[in-house]
Each structure stands twice: as C-alpha cells, then as structure tokens.
Amino acid sequence: MKFITEDDLRTLFKQAPLECYQLKPGERLTPGARQFLIDRGVDMYAADARPKARATAKTPALLALRLEGLRLECLLAAESLLATDAALANALTDLSRQLALLPLALDGTCALADLCIQPCAEGAATGDCIDVSAGWLALDNGRTLLTLAQLRNRVALLAAEDHGLAEGQRALLADKLGQIAARLSQLLCHASGGESCPTQH
C-alpha cells in the first residue's frame, strides 16, 4: 500500500493546479493529503463514483464581488495618497493584490502568502488600542486616518458574515481577512503617529 502525502500533492500543485485527483490501485491518501485536496476543491472521485450532492468549492459570486469592492477601495485610497505618502500608498496597493488573489485561493487555484504582521508589544489584539474619534477631523491627515479605519471596518464586517463556504474555505477566508485587518490597523497606528503601542502611555 502506497500512501500519498500532503507534500506529494504540494509538489504536483507546483507543476500545475489540479481540478481532480484519482488514486491509482494500491494508493491511499493520508489525512493531511485528503484535507489538502478538500481545502482546494479538488475532485477526488471518478466520474461514476462522484456523490450526487457534492458541494461546490467555487467562491460564491456575491463574496467575490464584495472582495473586488474592497480591492477597488484600497486602490482608490492608494491613488489619493500617492502624492503625499508613497509608502502608505504602496502598502494599500499590496493589500489590493491580496484581495485580488483571495477568491483564487478560496477556489484552490493559487496559494496566497501570509502577510507579515508585527504583534502588539502589549499583547493586545492589533487595532484594539486605536480609538477612532471625531477629533481626527481636525488633523491634517484626518481623511487618511478615517479612510484606513473605514477599510478596516469593512474587512472586519466581511469576515463576520456567513458566506456559505466549506469549512476549509471558511477558515482560509477568516485567516486572510484577519491578516488584512491587522495590517490596516498597523498602518492606521503608524499614520496616527504611533511609534509604540498607545496602551503604554
């Protein structure tokens, strides 16, 4: 008996994404390999053995539209900041790329690298220590701060909604949207002049 491992499947995926995978006689999948295929929506059944009521792994159309809307908002924010804060504009452009690839990652047709998120020095959830207030209206970069806060809020709202996804897709979406929200919180903290966690003061 030959066991096909997750590493074996990852090697195959690097060569070309799979839409279906059929075991040869004498082969079995390890639990990790089976979950790898499930998470990517790969069909593991022969045509005559496929279950009749198999859930689709495609990203729901409404979710794809919502992710595209967030991507466009990131690009609009980046465009408005390009002349005054190129670094922040580039960071938002990077987030727009993450949002563009997320539906493909949910469909299992591409891998999406994790964002590099620095943990809060005080151990608080990223962004919990940032208070959004009307006082920002009087600041020179108040519009930037409110734009970042609004983007973070929309990402959090999308993460909180039920999109009817399979378990693996749901976990992936929550993880990636959580990373994007955390990155927006970091950008918000930096744009508000924070060099360290506000809870230290």
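**Helix packing and nonpolar cores in the predicted model**

K176 touches L102, L112, A113 and D114, leaving aside residues up to four places away in sequence; contact here means heavy atoms within 4.5 Å. The model is predicted, so local features need pLDDT of at least 70 and side-chain atom pairs count only at pLDDT 80 or more, whereas totals for chains, interfaces and linings use all residues. Residues are numbered from 1 along each chain as its sequence is written, and side-chain values use heavy atoms, with hydrogens and water left out.

K176 sits in helix α6. Helices (H or I, at least four residues) and strands (E, at least two) are DSSP runs, numbered from the N terminus. Buried means under 20% relative accessible area, exposed over 50%, and partly exposed in between (1.4 Å probe, protein chains only).

Helix α6 has 25 residues, which should span 36 Å at 1.5 Å a residue; its end C-alpha atoms are 36 Å apart, in agreement. The expected span is 1.5 Å times one less than the number of residues. After α6 comes G193, with a positive phi near 95°.

Helices α4 and α6 pack at about 175°, and their axes lie 11 Å apart. Axes are lines fitted to C-alpha atoms, for helices over the stretch in contact, and angles run from 0 to 180 degrees between N-to-C directions. The angle makes α4 roughly antiparallel to α6. Angles under 35 degrees count as roughly parallel, over 145 as roughly antiparallel, 65 to 115 as roughly perpendicular and the rest as oblique. Residues of α4 in the contact include L88, L92, L95 and L102. Those of α6 include K176, L177, I180 and L187. The contact residues divide into 14 nonpolar, 2 polar and 2 charged. Ala, Val, Leu, Ile, Met, Phe, Trp, Tyr, Cys and Pro count as nonpolar, Asp, Glu, Lys and Arg as charged, and the others, Gly among them, as polar.

The largest nonpolar core has 34 residues. Such a core is a set of buried Ala, Val, Leu, Ile, Met, Phe, Trp, Tyr and Cys residues joined through side-chain atoms within 4.5 Å. L92, L95, L148, L177, I180, L184 and L187 have the most contacts inside the largest core. Two or more residues come from each of α3 (61-81), α4 (86-107), α5 (142-160) and α6 (167-191). Helix α4 gives the most, with 9 residues. L95 touches C74, L115, I180, R183, L184 and L187, not counting residues up to four places away in sequence. Another core, of 9 residues, lies apart and has I4, Y21, L37 and V42 among its members.

G142 lies in helix α5. At 2% relative accessibility, G142 counts as buried. G142 and A191 are 49 residues apart in sequence and 9.5 Å apart in space, C-alpha to C-alpha.
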